[in-house]
Amino acid sequence: MSATPVPGTDDSAAAQASFRVNVNGQDFESGRDMLLIDFLRDVLGITSVKNGCKEGACGTCTLIIDGRTVRSCVARLSKLAGKKIVTIEGFPEREREVLAYAFSAAGAVQCGFCIPGMVVCAKNLIDQNPDPTRAEVIFAIRNNYCRCTGYIKIVDAVLLAAKLLRENLAIPGASPSGRVGERVIRVDARPKALGEARYADDFSFEGMLYGKNVFSRFARARIRSIDPGRALAMPGVVAVYTAGDIPGKRYIGHLAQDWPGMIAVGEQTKCCGDTLAMVVAGTRDQAEAAAQAVQVEYEELEPVCTCDEAAAPGAHQVHAEGFSQFGKWVVPKDNVLYRESIKRGDAQDALARAAHVVEGTFSVPPVEHAFMEPETAIGLPDGDGIRVITGGQGIYDEHHELAAYLGLPLDKVRIQSAAVGGGFGGKEDMSVQHQAALCAYLCQRPVKVYFSRQESINYHPKRHAMEIHARIGCDANGILLGLQARIKSDTGAYASLGGPVLQRACTHVGGPYNYQNLDVEGTAYYTNNPPAGAFRGFGVTQSCMAVESLVNQLAEKAGLSGWEFRHRNAIRPGQSLPNGQIADPGTAMVETLEAVKEAYERYEADPDFHVGIASAMKNAGIGVGVPDIGRCNLAVLDGKVHIRSSAGAIGQGLQTVLLQIVGEVTGLARDQVEVEHPDTRLTPDSGTTTASRQTTFAGEAARGAALRLKADLDQGLSLAGLEGRTYVGEFDFKSDPMGSPKPNPVSHIAYGFATQLVVLDRDGRLVEVVAAHDVGRAINPLSAEGQVDGGVAMGLGYALTEDFPLKGGIPQAKLGTLGLPKAAFMPPVTIHFIEKNRPDGVAFGAKGIGEIVCCMAAPACQNAYYKLDGVFRYKLPMEGTFYRKTRK
Ligand code: FES
Ligand code: FES
């Protein structure tokens with residue numbers, strides 16, 4: 001496709017063309033009508049306009065037309081004659097600089113995928129109202145989702161930009177040193193704010209084709225036939241591939257290889273995200289039309305939709321044909337993926353002795369990650385191998401799985417990470433990567449495979465729906481004695497990380513308290529629902545909801561406030577956690593309570609407010625005996641230090657953390673250090689970005705490498721003198737496995753602890769969240785605050801608005817009806833960081849906080865609403881609240 005700039009007048013020959021638009025002051029013409037977003041991105045190569053949904057729901061494609069913000073995915077060229085279209089690329093230079101600075105300095109940029117849309121809204125608002133109020137900014141971004149930031153710092157950024165422009169102020173210089181503990185502007189903030197950072201869909205290559213999945217129409221059906229004939233005859237179609245075309249191992253998956261890349265004729269589908277064929281064509285439209293034209297004959301079968309259906313005698317076995325796990329062929333029995341059992345002390349006796357006991361069964365739904373960037377990958381022939389540009393969370397997981405899928409040795413596969421538009425765990429599994437690699441390998445042409453927003457929703461693993469029954473008891477003084485819990489987890493069609501997620505739900509269900517009698521059993525069941533896997537909190541979000549709600553009920557029975565009860569029971573250094581691990585000297589659970597005490601008591605004393613409280617602990621690192629290695633190398637090239645790690649930067653600010661650590665150790669200036677994107681050819685394997693681990697693991701590896709570089713610099717060698725050297729950093733932490741016979745096993749390198757308050761007004765509206773977090777050491781407080789804001793927003797959404805209804809295993813929600821929080825929903829968040837770790841410890845004492853931040857809002861909300869209306873709620877999202885009426 002091409003567009004012709006139109007330099008002449010209306011009577012030029014070009015003016016006879018069908019569709020003419022003015023973009024950033026220049027006229028263009030197009031021979032055919034199309035969506036404005038496609039024209040801008042695919043024809044003009046404008047990357048600030050992002051495709052987050054193409055349904056008019058997300059706002060990532062926002063631009064300005066004649067002084068109004070418009071979503072370019074709902075505008076067609078045929079309606080735009082005579083209108084002036086402006087994207088960030090066309091903003092005056094001063095405004096671009098101010099907006100980029102303001103969004104960066106305010107800490108408003110995380111994954112960045114939503115940010116250009118926000119920047120557009122900011123400019124348009126400031127053009128019309130140079131001195132907006134906070135409420136006016138919130139109104140201006142009302143149509144735009146951000147899944148990362150909780151909106152607070154975005155609003156701060158717009159207000160800052162308005163002030164700089166209004167008062168014609170100079171833009172302050174960058175932070176001079178960029179050391180550990182400073183509020184450092186992130187290295188990726190400016191290009192993301194201006195729409196210049198390249199996500200996978202922003203890449204295109206000469207001769208590139210488009211691949212589109214033919215997905216199953218049913219959650220469970222036998223595939224009788226697949227006929228690609230009609231599709232193959234369509235214009236632009238290059239190939240249609242089916243299961244038999246996969247040259248390597250057809251089944252993929254991190255831990256269990258139970259997920260077929262394509263379903264073969266004669267087999268049953270296991271969920272609606274199953275791929276039956278891949279169509280490759282010259283354009284997106286051709287690929288999408290041809291995918292619709294592939295004729296599939298189905299025998300629709302009754303799906304298994306709940307854990308109870310899966311566990312029922314005689315139930316259909318979702319994986320009756322079996323799959324490979326750690327090289328062995330496995331056929332799961334009773335639809336069980338995984339069972340966990342944790343026993344310490346004598347919980348039954350403890351509960352029998354207890355003065356007060358409470359119990360309840362809680363039900364929490366699946367949750368969609370709704371990262372703003374839908375999945376895209378590009379496969380590129382690379383000699384006799386393959387190169388893939390991806391936006392996932394762990395390039396080495398993709399490296400192994402892709403090599404196996406294509407039947408290639410590892411050295412024939414290269415994975416390069418583009419910028420990642422959010423993940424939250426939902427991009428740990430393969431989605432488009434293996435299909436892009438396959439299509440490119442078979443066609444020997446570059447092939448881009450992309451999901452529409454609905455395909456993304458239907459395909460990738462969700463947060464697990466769980467049913468949790470728990471009993472918990474204390475003595476007459478409110479001292480916890482024991483807990484029993486039974487957890488059922490719906491892992492959907494495929495294992496993904498359903499085993500470890502259930503394990504974390506079980507290991508953390510005891511909470512951050514000092515007691516030793518625990519009896520926990522959990523079972524994860526296969527069903528025909530979309531798979532469930534990793535999602536921020538990794539099982540702890542679910543078990544925290546159940547047990548913290550019960551802790552508040554138990555406190556009431558014991559005649560204590562939720563705060564006092566927790567203070568009496570909070571784990572302290574030297575004591576054993578319910579899982580047996582001895583709390584280390586950096587344990588700051590009590591300090592998190594003390595940080596919220598004043599606010600808790602103030603709100604408790606005020607009849608106009610209702611304050612709920614919850615606490616949590618969350619592991620940093622994979623732990624439990626699983627290999628857990630962080631790696632980061634420093635290469636001296638062209639007089640600069642290049643930080644190389646495969647640790648995925650998915651919006652959490654890891655690149656800047658590594659830069660700060662290297663700067664702190666070596667004393668090098670910020671402009672002497674570059675951070676590279678993950679690339680299996682260049683960056684060492686630092687494992688997946690999961691389990692809040694990379695700040696600690698990649699961070700400590702970076703520190704180790706930097707110490708070696710520093711030793712050479714201290715010898716008087718300059719960077720020029722060290723040209724070509726690489727300093728290797730590796731950090732390996734050995735933990736004890738589950739079931740270790742040790743009385744006090746070390747399950748994880750560290751735990752973070754936290755307490756959050758949720759405050760409601762008399763109408764049940766959110767007023768404030770107070771969040772106190774034991775972070776060990778905040779390497780970059782600006783980024784850490786952003787993690788808290790964003791995690792609180794997700795937690796509040798989980799509590800109050802987000803749902804994922806399914807019918808016969810088919811998702812019923814679209815992006816716009818998932819109940820994702822928008823800017824007006826968010827209350828202010830008051831943050832307290834507790835930094836108790838020794839600054840000379842691992843990674844300067846930092847503990848990851850990416851996950852714990854979203855664990856407490858739901859039970860704290862539950863507690864606040866109970867105080868408001870006396871209704872003890874057992875189900876999420878909660879009903880009968882200001883935000884969601886009771887459903888019949
Ligand atoms: S891409 Fe246009 S609103 Fe989402
Ligand atoms: S920064 Fe807004 S979606 Fe990631």
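These legends go with close-up views of a predicted model.

Local features here need pLDDT of at least 70 and side-chain atom pairs count only at pLDDT 80 or more, while totals for chains, interfaces and linings use all residues. Residues are numbered from 1 along each chain as its sequence is written, chains are lettered from A and ligands numbered from 1 in the order written, and side-chain values use heavy atoms, with hydrogens and water left out.

**View 1. Helix H12 is mostly covered.** H12 spans residues 433-443, and nine of its 11 residues are buried (under 20% relative accessible area, 1.4 Å probe, protein chains only). Helices are DSSP runs of H or I with at least four residues, strands are E runs of at least two, and both are numbered from the N terminus. Among the buried ones are His434, Leu438, Cys439 and Cys443. Just past the helix, Gln444 takes a positive phi of about 55°.

**View 2. Five strands make an open, mixed sheet.** Read across, the order is E17-E25-E24-E23-E18; strands pair if DSSP finds at least two bridges between them. E17 (336-344) and E18 (356-364) stand at the edges with a single partner strand each, so one side of each has no neighbour in the sheet. On average, neighbouring strands are turned by 5° against each other, direction ignored (axes are lines fitted to C-alpha atoms, and angles run from 0 to 180 degrees between N-to-C directions). Zoom in on E23 (465-474) and E24 (480-492): they pair in the antiparallel sense over 10 bridges. His469 has Arg486 of E24 as its bridge partner.

**View 3. The largest pocket holds about 1,200 Å³ of space.** On a 1 Å grid over the protein atoms alone, a pocket is an open set of points where a 1.4 Å probe fits, with protein on both sides within 12 Å along at least five of seven lines; lining residues have an atom within 4 Å of a point. Of the 49 lining residues, His254, Leu255, Phe326, Leu497 and Val626 are closest to the centre. Helix H11 gives the largest share, six residues.

**View 4. The second largest pocket holds about 840 Å³.** It is lined by 36 residues, with Lys212, Phe215, Gln292, Ser452 and Glu455 nearest its centre. Here H8 gives the largest share of the lining, five residues. Elements giving two or more residues include strand E7 (209-215) and helix H13 (453-459).

How values were computed: Buried means under 20% relative accessible area, exposed over 50%, partly exposed in between (1.4 Å probe, protein chains only). Grid points are joined across faces, edges and corners, and a volume is the space filled by probe spheres set on the points.
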